[in-house]
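Here's a quick walk through one protein model, written for someone who would rather look at the fold than at a table.

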Amino acid sequence: MPRFFLNKRLLILLVAVVLFVSLVGFTSRDRENASLPELFVYDVVGFASNIISKPVNFVVGIFSGAKDLSSTYEENKSLKEQVEQLGQLQSDVVTLKRENAELKQQTDVKSTLSEFDPISALVISRDPDGWFDQVTINKGSLDGIKPNMAVTTGKGLVGKIKSVSAKSSSVELLSSSDSRTRISAAIQGKDNNKAYGIVSGYNKEENTIQLTQLPIDQKYKKGQKVVTTGYGGRFPAGLLIGEIKDVENDQFGLSQTANIKTEADLYDFDTVFVAKRTVDTDS
């Protein structure tokens, strides 16, 4: 009897193996439709995946939503701080405007010597024999140009208007050999202290202009800036001329003379600006 059951179990095992091998061979063939066992397995796996994926996606969605909510909170907090700062800035602007208006009313300041309207012009002529003396520009009296107006480039002062016709003007350069070309200038110092002198003369050897009649009792340093004063004629105040290269006493020891390296290139320029000062004291 036991031997019978043993042979029966062996027979069942052999049948199962044969069925399994047949199933594997059948399912491994190229075909368009799946077998019933495959469909059964697919349905079971799909149903189980659907059951598992829903709670998993729900949990993931909760964490993702919490993260997005946290990011939105931080962004909103940052934007709120910026809006508060903007409000403060607007308040500061209003306050400054009011204070500025009050100061203008108290001092009755309508304009200053430094205010001017620039008139753009082109250099149309330059005499090779007097290269460092004069240039001619394409703007004249019809454009509002008048004698003794300051002429600058984008870097600094180059000279002043000498003579004017209807549509052109001649410009006397700072490097002119004409000793009558005089410009009031000041050396800028600390705490708004200034020393005044006269731009008069050109040192060809040093390639510098000379600032004469400086006070003998003051000390000057290399690199100090020199600007126009706005005194006398039609020159605005504060136009940059150049900086000190060196200083020496005059021949009588009564004043000092500074050699000034000009900020603008007096040798080569094509475009200039004529400074039409808002307050013209020499009309």
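## The big picture

First things first: this is a predicted model. The protein has 2 helices and 12 strands.

Of the 283 residues, 27% count as buried. The protein exposes about 19400 Å², and carbon and sulfur atoms supply 57% of that area. How much of the contact list comes from residues 24 or more positions apart? Taking contacts with a separation of 6 or more, such pairs make up 57%.

## One barrel, with S12 in it

Now find the closed barrel of 6 strands that runs S1-S2-S5-S4-S3-S12, with antiparallel pairing. Going from one strand to the next, the twist averages 45 degrees. In general, strands of a sheet pair through backbone hydrogen bonds, either parallel or antiparallel.

Which strand does S12 meet over 7 bridges? That's strand S1 (residues 116-125), and the two run antiparallel. You can pick out some of the partners yourself: Ala121 is bridged to Val272 in S12, and Pro118 is bridged to Ala275 in S12.

S12 also pairs with strand S3 (residues 150-152), where 3 bridges join the antiparallel strands. On that side, Val151 stands opposite Val274 in S12.

## The other barrel

There's another closed barrel of 6 strands, and this one runs S6-S7-S8-S11-S10-S9, again with antiparallel pairing. Here, too, the twist averages 45 degrees from one strand to the next.

Start at S6. It pairs with S7 in the antiparallel sense over 6 bridges, and Ala186 has Tyr196 as its bridge partner in S7. S6 is also joined to strand S9 (residues 225-228) by 3 bridges, with the strands running antiparallel. There, the bridge partner of Ala185 is Thr228 in S9. Carry on from S9 and you reach strand S10 (residues 240-249), joined to S9 by 3 bridges and again antiparallel. Look for Lys225 in this stretch: it stands opposite Glu243 in S10.

## The largest pocket

How much space lies in the largest pocket? About 210 Å³. Two elements give two or more residues to its lining: strand S6 (183-188) and strand S7 (194-203).

The lining comes to 12 residues.

## Two buried residues

Let's zoom in on Ile145, found in the loop between strand S2 (134-137) and S3. Is Ile145 buried or exposed? Its relative accessible area is 3%, so Ile145 counts as buried, the cut-off being under 20%. Leaving aside residues up to four places away in sequence, Ile145 touches Ile119, Lys139, Gly140, Ile161, Val164, Ser169 and Val274. Val274 is the S12 residue that Val151 stands opposite. Ile145 and Lys276 are 131 residues apart along the chain, yet their C-alpha atoms are separated by 7.5 Å.

Over in strand S11 (residues 255-262) you'll find Thr257. Why does Thr257 count as buried? Because its relative accessibility is 10%, and buried means under 20%. Apart from residues up to four places away in sequence, Thr257 touches Gln210, Leu211, Thr212, Asp246, Val247, Glu248 and Asp250. Thr257 is also 6.4 Å from Gln213, C-alpha to C-alpha, although the two are 44 residues apart in sequence.

Technical notes
Residues numbered from 1 in each chain as written. Predicted model: local features only at pLDDT ≥ 70, side-chain atom pairs only at ≥ 80, totals over all residues. Heavy atoms only, no water. Pairing = 2+ DSSP bridges. Helix = DSSP H or I, 4+ residues; strand = E, 2+ residues; numbered from the N terminus. Axes fitted to C-alpha atoms, helices over the stretch in contact; angles between N-to-C directions. Buried < 20%, exposed > 50% of the residue type's maximum accessible area, 1.4 Å probe, protein only. Contact = heavy atoms within 4.5 Å. Areas by Shrake-Rupley, 256 points an atom, 1.4 Å probe, with all protein chains shown as cover. 1 Å grid on protein atoms, 1.4 Å probe; cavity = no way out; pocket = protein on both sides within 12 Å on 5 of 7 lines; lining within 4 Å. Points joined across faces, edges and corners; volume = space filled by probe spheres on them.
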